[in-house]
Amino acid sequence: MSKVYLALQDNDDSRYIVEAIIEDNPEATVIHQPAMIRIESTGELFVRRASVEEKIGRDWDMQELHLSLITLGGNVDEDEDRLHLSWNV
Amino acid sequence: MSVVAITPDYKFAAKDRVENFHGNQIVYVGWDHHLMFCSAFAYPVPPATTFKALRDGVMQEAFELHPEYSKVNWETATWLLDNEPFQPQLDKSLQEQGVGHKSLLRFQTPELKGYKNAGV
Amino acid sequence: MVAKKLNLKDKYRALTRDLDWDYDYADRKKAFPYEEFEGIKITDWSKWEDPFRLTMDSYWKYQAEKEKKLYAIFDAFSQNNGHLNVTDARYVNAIKLFLTGVSPLEYQAFQGYAHVGRQFSGAGARVACQMQSIDELRHVQTQIHAMSHYNKFFDGFQDWTHMHDRVWYLSVPKSFFDDARSAGPFEFLVAISFSFEYVLTNLLFVPFMSGAAHNGDMATCTFGFSAQSDEARHMTLGLEIIKFLLEQHEDNVPLVQKWIDKWFWRGTRLLALVGMMMDYMLPNKVMSWKEAWEVYFEEAGGALFKDLARYGIVMPKFVETTAKEKEHISHQAWWIFYTHGHAAAFHTWIPSDEELDWLSEKYPDTFDKYYRPRWELAKEMEARGERFYTKALPQLCTTCQIPMGFTEMDDPTQIAYRSSDFDGEKYHFCSDGCKHIFDQEPEKYVQSWLPVHQIYQGNCGGANVEEVLRDYYKMNLGEDNMDFKGSPDEQRWNEWKGKDKGKDTDKDQDVA
Amino acid sequence: MTPEIKTATLQPIRNTFANIERRFGDKPASRYQEATYDLQGETNFHYRPLWQPQYELNDKNRTQIKMNDWYDLKDPRQFYYGTYVQQRAKHQEATETNYSFFEKRGLAEHLSEEVKASLLTYLIPLRHVEHTANLNNMYGCAFGYGTAIAQALLYNAMDRLGNAQYLSRIGLLLDGNSAESLATAKQEWLKNPVWQPMRALCEEMTTVQDWFEVFVAQDLIVDTLVFNLFYEQLDKKLGSMGGRDVALLTEFMQVWTKDSSRWLDSVLKTVASESEENRALLEVWVKHWRAKTLEALKPVVSAMLDNSDALSLADALLEERLTKVGINR
């Protein structure tokens, strides 16, 4: 199974997003690099709106993710409630 | 293979055809296994230039910076013209011995291993 | 009336592709005339999956937020003379190359996506391309604004747009994008959205921007990462377009594969310049080019191509060559620039001893054997007061336009020479990949504006190299070019930092 | 610790980029200037386009208009990307407030059936005209010469997509997000005989070759007429029918047209005053597209508005504009 990944700018919002991602994806690895945070996972990865809202303590639109997102790898499926990254193999 | 364009007439004259060089032709000269010079050099020269004039005149300025260049024995050095073995005739012109526009000349000096024997 | 509410996907369709309609009065082919000649078969544009669903109101809102943050940083950067915080003035040369070489490509991307954003007859694809077009315009403009401050304090930035159209090494990036933009609309998307944005752009932005952060360059780091936040959308578009083409018709598969092969190779050649930036131009290194290649291409790209295998797509042609090239390419590229340092609008230098050791460590199989000796020779010459600048013009590859300095990968002391004959003319290439690209479309590449030949044809003004550099390229000789050592850049830097003149910058250390 | 900086030595060595200095002299430049002038490639193109081998990639000959310097077409709003999106975002936020006010108060329910029918038949189908404007401005952006005009055309194109989306959202407000009203309005656009000449005109505009002619047809002729007829005259009529609240939903377009007119007039004025040839050519295009557009609007306008001089009122505004920008001699 290949790894999917996303990288976020190292800023305050990202800290909450990363917390939410780790909670929703216990398999994921977090790698800190200069000014960015890379999160990898085997096969698939979810970013869930509800989890981020819980961490950040306010309404959070999925599209706000794009304010901090640097790059990603994998097929993307995004709706109002979650972003799903996956490889089919 | 051929280009696929919106018209079958997609065709333009080569930008580097010899007529554009005002009487010169381009000749490339490279020294194999000597990478102090990052690449072969491109020289614009009249087709009537003799091989000797190319080797001892045109080439001298750039190549002589190499610490081994003065040690090249031209008697034993071998040449490739457009990747085929080639015996240059010093007093004949480039044109006469088949050194054409955008021809590539390479010479080999196997006894000289480059700076620190590293092919530099 | 209780009507069924639209979900996000359907709502987005209603707000984009549903705006278009089937023509009854005019010939739709006349409105969208470039869609067929490449041979791509689109049976049903409605199968297009919107890669992201951003309506204009959210676009304005989120992008304005990004811009506000970005410009606040630019303002602070210039008010506080942020350029003084970079690790070393040598670093700035990396971003000179960026502004002169990469920013104009962002502009060409803006133009290219504007073109396909008008020309696709499928409205979903069109709108996605239009958004990318305006994003690309953002990138070039924010880059100019980020560099604007550096331009006031360092040489080599000032005539970036004039230079991009003319300077020898800038024809490498320029011809890359000219090639993509002169291609049909589908090839353009496979070239830029997929091969470049999806497969390779991470190699340009991510390590390089991390490098900027690591070298105290907040302005570049900020625009870079802010631009990357758009890039995630662009990458998604890149993957969607490929899947769409492959799913539309099986006859599209070989065409797409052909374009992937071509653009992967063309991209790797362009990235040789990035490789040298990472290995040689960043005083504080983030990772080696080889490591970046392994993470961002071999691993990430490997996963991607495994995923695409179900459509019959295979790894790009010549990918096995790149596995060898990652050990060599950055060293060979920097040597090309070092030896042509008199003709470049940025400074070059010999790596410090510490840097040489870092390179040995990162490239244990190749650096000491093949590349350290070159630097030892350069040092020896420099010590004699004869800093090595090559004295003749190099042979260029017809396709990638880089001086033919890349070697056989199985014999790294020998230049690789490839050639083809077409229509009675000889053409030369640096590699099998570049030769292959030419052989597929020779009618295109006979038009290459090769800088060395153009100089010899008298099209670049000037009877000698110096005049070309000064008058045609508009370089400020003695300021923009030559070695970093002894440059006005270095001198000013030392004055700002209160350093002794002539002190060896290699051994530069912060005073604790 | 970094040694103390000697501030006296921190004098800039130049004020701006060399190309800006050549144009405006050695002084600090604006962000608009640095982000606009000379960005586009001018020379030494490598390959002719496979799709248009008669032209270079960037080529002045894609229009018959001749300019000595295409960068004379500067934008009086001085929009570069950052100022553009921030301006629109501000505007967008106000509009969002209007839309949610309209929705929360259930104002749609207070509209009479007659007003709703008017919206479905006349206002919402305009989203297809806006879509055409998006295509036509993109066309100019892709084929136009120089960043000054190309970037402004791109902003205009994106604005038109935005306008089309706001019009669509009026439909979604009416139908409670089912998109039924959009389907109805599209049928009006596709089938209603009063719309057909206008639809034919829109389709035809997207097949015109000369990008500046397309720009004149769309942004000058069609837009001047359509905006007056639909956002002023129809708006007034809706007000008299008890549909005043609709103005909340079209305010974006009202403000937008004022903003873009400033740019449009400036561009046209510069081109017309460049040479008599340009002015005469503009006059020919104006004559052609004005007659066509008035003809195309006739049936929809007479069905939509009660006053028989509606079209001539709009045309009088166009005439005024042609005089103002110097196309009329």
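This is a predicted model: local features need pLDDT of at least 70, side-chain atom pairs count only at pLDDT 80 or more; totals for chains, interfaces and linings use all residues.
Local features need pLDDT of at least 70 and side-chain atom pairs pLDDT 80 or more, whereas totals for chains, interfaces and linings use all residues. Residues are numbered from 1 along each chain as its sequence is written, chains are lettered from A in the order in which they are written, and side-chain values use heavy atoms, without hydrogens and water.

Chain D has 13 helices and 0 strands (DSSP runs of H or I, at least four residues, and of E, at least two, numbered from the N terminus). Its C-alpha trace spans about 75 × 60 × 40 Å along the principal axes. Of the 329 residues in chain D, 63% are buried (under 20% relative accessible area, with a 1.4 Å probe and protein chains only). Among contacts in chain D (heavy atoms within 4.5 Å) with a separation of 6 or more, 77% join residues 24 or more positions apart.

In chain B, helix H1 (residues 51-58) has Phe51(B), Leu54(B) and Arg55(B) buried. The buried residues of H1(B) fall within an arc of 90° seen down the axis, so they line one face of the helix; the arc is that of the directions from the helix axis to the C-beta atoms. These residues pack against elements of chain B including strand S1 (25-31) and helix H2 (60-63).

The structure holds 15 cavities of 30 Å³ or more (sets of points on a 1 Å grid over the protein atoms alone where a 1.4 Å probe fits but cannot get out; lining residues have an atom within 4 Å of a point). Volume is the space filled by probe spheres set on the points, which are joined across faces, edges and corners. The largest cavity has a volume of about 180 Å³. Among the 14 residues that line the largest cavity, those closest to its centre include Val4(B) and Trp259(C). H10(C) gives the most to this lining, with 4 residues.

Terms used. Buried means under 20% relative accessible area, exposed over 50%, partly exposed in between (1.4 Å probe, protein chains only). On a 1 Å grid over the protein atoms alone, a cavity is a set of points where a 1.4 Å probe fits but cannot get out, and a pocket is an open set with protein on both sides within 12 Å along at least five of seven lines; lining residues have an atom within 4 Å of a point.
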